[in-house]
Amino acid sequence: MNIRDGYALQLAIKKGYRIFILSGAVSEESRDRLVKLGITDIQMGSKDKSSALTAYMQEHSLSSGSILYMGDDLPDLAAMRMVGTPCCPADAAAEIKQCSVYISPFNGGAGCVRDVVEKVLKLKNDWGEDLSVASV
């Protein structure tokens, strides 16, 4: 993650957007940072992301068309094919880029999350300075 991702993620949560972190990796340091940002829906160590996403959508009554999913490598491909807005960082695998409707100009860990979240919030007129959002 990039330090600038934090502001965008916190603002999205504050504005009522649902953020679900679905990762194949397991990192308590990353989990701790995400929790401090206000993200409560975190699943790490996922081996089958499409099944995990399906379960999450059912649990929260979400339609696939309403979901933006950002992935970067082959384990994300099946889940990305399920959603309305598949996105990826600039350094994603070729197969991921091919199925993405938006490719961030930023690499993974270099601000791609901030880029995508900021664009969504701007499209919905939810972007701007919020002094109650802390730096984490």
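Which residue just after H3 takes a positive phi? That residue is Ser61, with a phi of about 50°. The model here is a predicted one: local features need pLDDT of at least 70, side-chain atom pairs count only at pLDDT 80 or more, and totals for chains, interfaces and linings use all residues. Residues are numbered from 1 along each chain as its sequence is written, and side-chain values use heavy atoms, with hydrogens and water left out. Helices (H or I, at least four residues) and strands (E, at least two) are DSSP runs, numbered from the N terminus.

**Positive phi angles**
- Ser61 sits in the loop between H3 and E3, and its phi near 50° is a positive value in a residue other than glycine.
- Ser61 counts as exposed, at 69% relative accessibility; here buried means under 20% relative accessible area, exposed over 50%, and partly exposed in between (1.4 Å probe, protein chains only).
- Asn125, in the segment after H6, is another residue other than glycine with a positive phi, near 60°.
- With a relative accessible area of 71%, Asn125 is exposed.

**Helix H3 and what covers it**
- Helix H3 spans residues 49-59, and its buried residues are Lys49, Ser50, Ala52, Leu53, Tyr56 and Met57.
- Seen down the axis of H3, these buried residues fall within an arc of 160°, so they line one face of the helix; the arc is that of the directions from the helix axis to the C-beta atoms.
- Gln58 and Glu59 are exposed on the other side of H3.
- The cover over the buried residues of H3 includes strands E1 (20-23), E2 (41-44) and E3 (68-70), along with helix H4 (77-80).

**The largest pocket**
- The largest pocket holds about 1400 Å³ of space.
- Of the 39 residues that line the largest pocket, Ile19, Phe20, Ile21, Met70 and Val113 are the closest to its centre.
- On a 1 Å grid over the protein atoms alone, a pocket is an open set of points where a 1.4 Å probe fits, with protein on both sides within 12 Å along at least five of seven lines, and lining residues have an atom within 4 Å of a point.
- Grid points are joined across faces, edges and corners, and a volume is the space filled by probe spheres set on the points.
- At least two lining residues come from each of helix H1 (5-14), E1, helix H2 (28-36), H3, E3 and helix H6 (112-123).
- H6 gives the largest share of the lining, 6 residues.
- By type, the lining divides into 25 nonpolar, 8 polar and 6 charged residues; Ala, Val, Leu, Ile, Met, Phe, Trp, Tyr, Cys and Pro count as nonpolar, Asp, Glu, Lys and Arg as charged, and the others, Gly among them, as polar.

**Val117 in helix H6**
- Val117 is found in helix H6 and counts as buried, at 13% relative accessibility.
- Leaving aside neighbours within four places in sequence, Val117 is in contact (heavy atoms within 4.5 Å) with Ala8, Leu9 and Ala12.
- Val117 and Ile3 are 114 residues apart along the chain, and their C-alpha atoms are separated by 14 Å.

**Cysteines**
- A search of the whole structure finds 0 disulfides, a disulfide being a pair of cysteine sulfur atoms within 2.5 Å.
- The closest cysteine sulfur to that of Cys88 is in Cys99, 7.5 Å away, too far for a bond.
- Cys88 counts as buried, at 0% relative accessibility.
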